[in-house]
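Trainee: Could you take a close look at one part of this structure with me, and then show me how its surroundings are put together?

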Amino acid sequence: MDAEVLLKLHHLHLELPNGTALLEDVSLSVRRGDALGVVGESGSGKSLTAMSVMGLLPGLKASGAIRFEGCELLGMKDREWRRLRGAGMAMIFQDPMTAFLPVRSIGAQIDEQIRLHERLSRREARARTVALLGRMGVPDPEAAAKRYPHQLSGGLRQRAMIAMALSCGPALLIADEPTTALDVTVQAQILTLLCEIRDSGAGVMLITHDMGVVAQTCTHVAVVYSGLVVEQGPVAAVMARPLHPYTQALLEAIPPLDGPRPDALPTIPGRPPAPDARPEGCVFAPRCRFVRPDCAVRPALREPEEGRRVACVLYDA
Amino acid sequence: MIRSFASRTGQMLLVIFGISVLVFAIFFATPGADPTARIAGRGASPQVVARIRAEYGFDRPLPAQYATMMQKLFVSRDLTSFVNHGQRVVPEVLQAAPVTLSLVLWAAFFWVSGSLVFGIAAAVLRDSWVDRLLMVLGLIGLSMPVFWLGEVVNLVTQSRWHDTFLFRWVPPLGYVPFSQSPWGWAKALFLPSLTLAVCFIGLYARVLRSELLTAMGEDSIRTARAKGAGPVRVWLWHGLRLSWLSYVSLFGLDFAQLLGGGALLTEVVFAMPGVGRLTYQALATLDLPLIMATVMYAAVFVVIANALVDGLYALLDPRIREGRHGR
């Protein structure tokens, strides 16, 4: 696998105007044909990471580096960013019901995105829209394009959303909890669709809180906790042998599929720290079962093994 | 489609019928007052009173009286004002209607365009000094009584500075029919309609601003930005699309009530012979048939305008077409 790096976040730091840091240190990378799962609890900053890649966070101060196809995105002019959004990178949102404009047909909304980025006539744009919807497995795409979001089922809406995201052939697809609002069978179909997109050569960044979804779809995973990436690596390796105590605890909290059902699932005691009350040292230390005195100094993200990175004192040489 | 149209028309007729019964009951079936004497006006001779009693059937039961009244109002249209020496009431109202319609159309044009500009500007520049200034101006416009503002406008443009270059073009008070001179029509209506529009501009700009700001927080706006749409497109195309529903419904109500005589004060101050001024005169002379006619006319207009707005609503929001939002 010598796929080139498509997106690279390097020590991304994001803070509110009042100085509260929302993201402290997010470093991750997505290569073409890879799917990176970004996993974390609510409030860990995974959605913020996605939004900052899209440049959709006005009013927040970002520092560090976001490199997309070799260009630095931070500090780019809004006009240039606009050209990238939708065309170079596209985003799929959690709830396709609210993410579509309720008062226009989905076809019109997909046409709009195509025509924003390419000089096409209405008819050409519509032809592409219909083709895309068909490719996403929407039955009778021509009629579906004329329908309004509320007239479609949740699964079809999300397919339409994905069709819209893919309409200009983006190199990077960011999916922010794309299946959370859907029921389980539809969820599986949508995830299969994401896998196909990945196999066709685009980079996918999948934001989720569900380790199962990551195992099903992604090639790599980054675990985010309280605005920091604590562990990163290939999915199979991380799932088989998680290094960071937080990842271990997360994986233990998944109910087993076979064998006797446990009386109670293991939980992680305590709650993630608020952005303005983050510990000085390791952010996970207050909840960690392996906590040691040297956790008072924040550990850096190291690479103890080939391809795997972890921020924990346990692996400091 | 045809079914919903038919049911809508049926509802309208039912509402108009209800209003007519109510109006009739208030004027003619109130216990302790003789409607004959009221129609005849003050100091009418016994012969006139007797004739009216026979003509309107006031010696017959109430349903018959109601039927006679409606027949005179809508079918034969020969309801006569006795206060005003046998003037036919219905043609009078129909003559006044175009005046009111012109005035209100102009005012609607001013208040819609004004409030769109101010509302969008204030929303885009929210919390800046422009926003605050516009909202304070809106509040001032909202709280200025239209009759006072009208008098001030008259004072300035008709007497104080009438002979300066600024207001030399202002025609004398009154109305010029469109068929007579379109330019004169526009000139005569400019200041009255602007005066009428001022308080609506203030109100509508405030409503639009807050609706627009709410809409901009919606997920679909975030999607629009993620698609690569520029700020102008996001605000005007997506944002307005989401926020003008309550604006339109408010507009329908205000427009209808103005057409139905709500522009009374403006019409009186600017001497516009419209429906509002007709109502005003009828009230001043206690001209019962005329009051009856103007009230019924107003009711019909309010009902029609409401139906039109409902139709517009369905055009704007496909969810309403399917009755998803309930009535």
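Mentor: Let's start with B:Thr266, which sits in helix α11 (residues 264-269) of chain B. Keep in mind that this is a predicted model. With a relative accessibility of 2%, B:Thr266 counts as buried, because the cut-off for that label is under 20%. Which residues does B:Thr266 touch, leaving aside its neighbours within four places in sequence? The contacts are B:Val146, B:Pro192 and B:Leu196.

Now stay in chain B and turn to a pair of helices. Helix α9 (residues 219-226) and helix α10 (residues 231-262) of chain B have axes that come within 10 Å and cross at roughly 160°. Angles over 145 degrees count as roughly antiparallel, so α9(B) gets that description relative to α10(B). Their crossing is right-handed. On the α9(B) side, B:Ser220, B:Ile221, B:Ala224 and B:Arg225 take part, and they meet B:Val234, B:His238, B:Gly239 and B:Leu242 of α10(B). Sorted by class, this contact has four nonpolar, three polar and one charged residues.

Helix α5 (residues 122-135) and helix α7 (residues 154-166) of chain A pack at an angle of about 125°, and their axes are 9 Å apart. That angle makes α5(A) oblique to α7(A). Here, too, you can look for the handedness: α5(A) passes α7(A) in a right-handed crossing. From α5(A) come A:Leu132, A:Leu133 and A:Arg135, while α7(A) brings A:Ala160, A:Ala163 and A:Leu166. By class, the α5(A) contact with α7(A) has five nonpolar, no polar and one charged residues.

Next, let's follow the charges. Side chains of opposite charge can pair when their charged atoms come close. How many salt bridges does a search of the whole structure find? Over all chains, the search finds 24.

One of them is in chain B, where the side chains of B:Asp310 and B:Arg8 meet with an N to O distance of 2.7 Å. B:Asp310 belongs to helix α13 (residues 288-316) of chain B and B:Arg8 to helix α1 (residues 2-28) of chain B, so this pair ties together parts that are 302 residues apart in sequence. Both ends are partly exposed: B:Asp310 has a relative accessible area of 36%, and B:Arg8 has 25%.

In chain A, A:Glu69 forms a salt bridge with A:Arg32, and their closest N and O atoms are 3.0 Å apart. This pair also links distant parts of its chain, 37 residues apart: A:Glu69 is in the loop between β4 (61-68) and β5 (71-72) of chain A, and A:Arg32 is in the loop between β2 (21-31) and β3 (35-39) of chain A. A:Glu69 is partly exposed at 40% relative accessible area, and A:Arg32 is partly exposed at 29%.

Look also at A:Arg198 and A:Asp199, a salt bridge whose closest N and O atoms are 3.3 Å apart.

Finally, find the place where charged residues of both chains come together: A:Arg104, A:Glu112, B:Lys227 and B:Arg233 are linked in a network of salt bridges.

Conventions. Residues are numbered from 1 along each chain as its sequence is written. Chains are lettered from A and ligands numbered from 1 in the order in which they are written. This is a predicted model: local features need pLDDT of at least 70, side-chain atom pairs count only at pLDDT 80 or more; totals for chains, interfaces and linings use all residues. Side-chain values use heavy atoms; hydrogens and water are left out. A salt bridge is a side-chain nitrogen of Lys or Arg within 4 Å of a carboxyl oxygen of Asp or Glu. Helices (H or I, at least four residues) and strands (E, at least two) are DSSP runs, numbered from the N terminus. Buried means under 20% relative accessible area, exposed over 50%, partly exposed in between (1.4 Å probe, protein chains only). Axes are lines fitted to C-alpha atoms, for helices over the stretch in contact, and angles run from 0 to 180 degrees between N-to-C directions. Angles under 35 degrees count as roughly parallel, over 145 as roughly antiparallel, 65 to 115 as roughly perpendicular and the rest as oblique. A crossing is left-handed if the near helix is turned anticlockwise from the far one by less than a right angle, and right-handed if clockwise. Contact means heavy atoms within 4.5 Å. Ala, Val, Leu, Ile, Met, Phe, Trp, Tyr, Cys and Pro count as nonpolar, Asp, Glu, Lys and Arg as charged, and the others, Gly among them, as polar.
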